[in-house]
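Here are my notes on this one, in numbered points. Have the model open while you read.

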Amino acid sequence: MHVPDDRRFTEDHEWAQRANGLVRVGITDYAQDALGDIVFVDLPEQGRSVTKGDTLAEVESTKSVAEVYAPLSGTVTAVNAELAEHPELVNNSPYDEGWFVDLEPTDDGEYEGLLEPQTYRVHTEND
């Protein structure tokens, strides 16, 4: 499984990447592989406030339905509208074109508390 070094992770297989004061969020390569072919992604409304651990999105695959949790607290500033027509982007490009939302964080310390790439790699090996 591919785990990029330029972002942080949750034990529930979400990723978060900080840039320009915002944090982009998606699910990991490990998560999309476990879900199988993704056929639908339900994203939140732009402007919605979320608390770390809240359900942020829902992903439907040919195998199951899974909730995606907010890796940190903040306000949704953008959603990836491409996923409405092309949910397979999550399978094909989970770290780039398959992103879910951009958040404006309310507490930068929450980002620092997420798993570093090497810790996440160990986590997925034991999962």
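1. Start with the sheet. Six strands make up an open sheet, and going across it the order is β1-β2-β3-β9-β8-β5, with antiparallel pairing. The edges are β1 (8–9) and β5 (49–50): each has a single partner strand, so one side of each is left without a neighbour in the sheet. Keep in mind that this is a predicted model.

2. Now the pairing on the β2 side. Strand β2 (residues 14–19) and strand β3 (residues 22–27) run antiparallel and are joined by 6 bridges. If you want a pair to click on, take Ala 16, whose bridge partner in β3 is Val 25.

3. Val 79 has Val 101 as its bridge partner in β9. Strand β8 (residues 74–79) also pairs with β5, again in the antiparallel sense, over 2 bridges. For that pairing, look at Ser 49, which is bridged to Thr 75 in β8.

4. For the fold as a whole, I count what the assignment gives: 5 helices and 9 strands. Read from the N terminus, the order of elements is β-β-β-α-β-β-β-β-β-α-α-β-α-α. Contacts between residues 24 or more positions apart make up 62% of those with a separation of 6 or more.

5. The C-alpha trace spans about 35 × 35 × 20 Å along the principal axes. As for burial, 46% of the 127 residues count as buried.

6. The side chains include 8 positive and 28 negative ones, and the centres of the two sets are 5 Å apart.

7. Glu 104 deserves a look of its own. This residue sits in strand β9 (residues 101–105). With a relative accessibility of 43%, Glu 104 counts as partly exposed, because that value falls between the 20% and 50% cut-offs. Which residues does Glu 104 touch, leaving aside neighbours within four places in sequence? They are Leu 22, Ser 73, Gly 74, Thr 75 and Thr 77. There is also Gly 47, 57 residues away along the chain, with its C-alpha atom 9.8 Å from that of Glu 104.

8. Last, two backbone angles to check. His 13 is not a glycine, yet its phi is positive, at about 80 degrees. Asn 20 is likewise a residue other than glycine with a positive phi, near 55 degrees. His 13 lies in the loop between β1 and β2, while Asn 20 is in the loop between β2 and β3. Are they buried or exposed? His 13 has 11% relative accessibility and so counts as buried, whereas Asn 20, with a relative accessible area of 81%, is exposed.

Conventions
Residues are numbered from 1 along each chain as its sequence is written. This is a predicted model: local features need pLDDT of at least 70, side-chain atom pairs count only at pLDDT 80 or more; totals for chains, interfaces and linings use all residues. Side-chain values use heavy atoms; hydrogens and water are left out. Two strands pair if DSSP finds at least two bridges between them. Helices (H or I, at least four residues) and strands (E, at least two) are DSSP runs, numbered from the N terminus. Buried means under 20% relative accessible area, exposed over 50%, partly exposed in between (1.4 Å probe, protein chains only). Contact means heavy atoms within 4.5 Å. Lys and Arg count as positive and Asp and Glu as negative; His and the chain ends are not counted. The place of a charge is taken as NZ of Lys, CZ of Arg, CG of Asp or CD of Glu.
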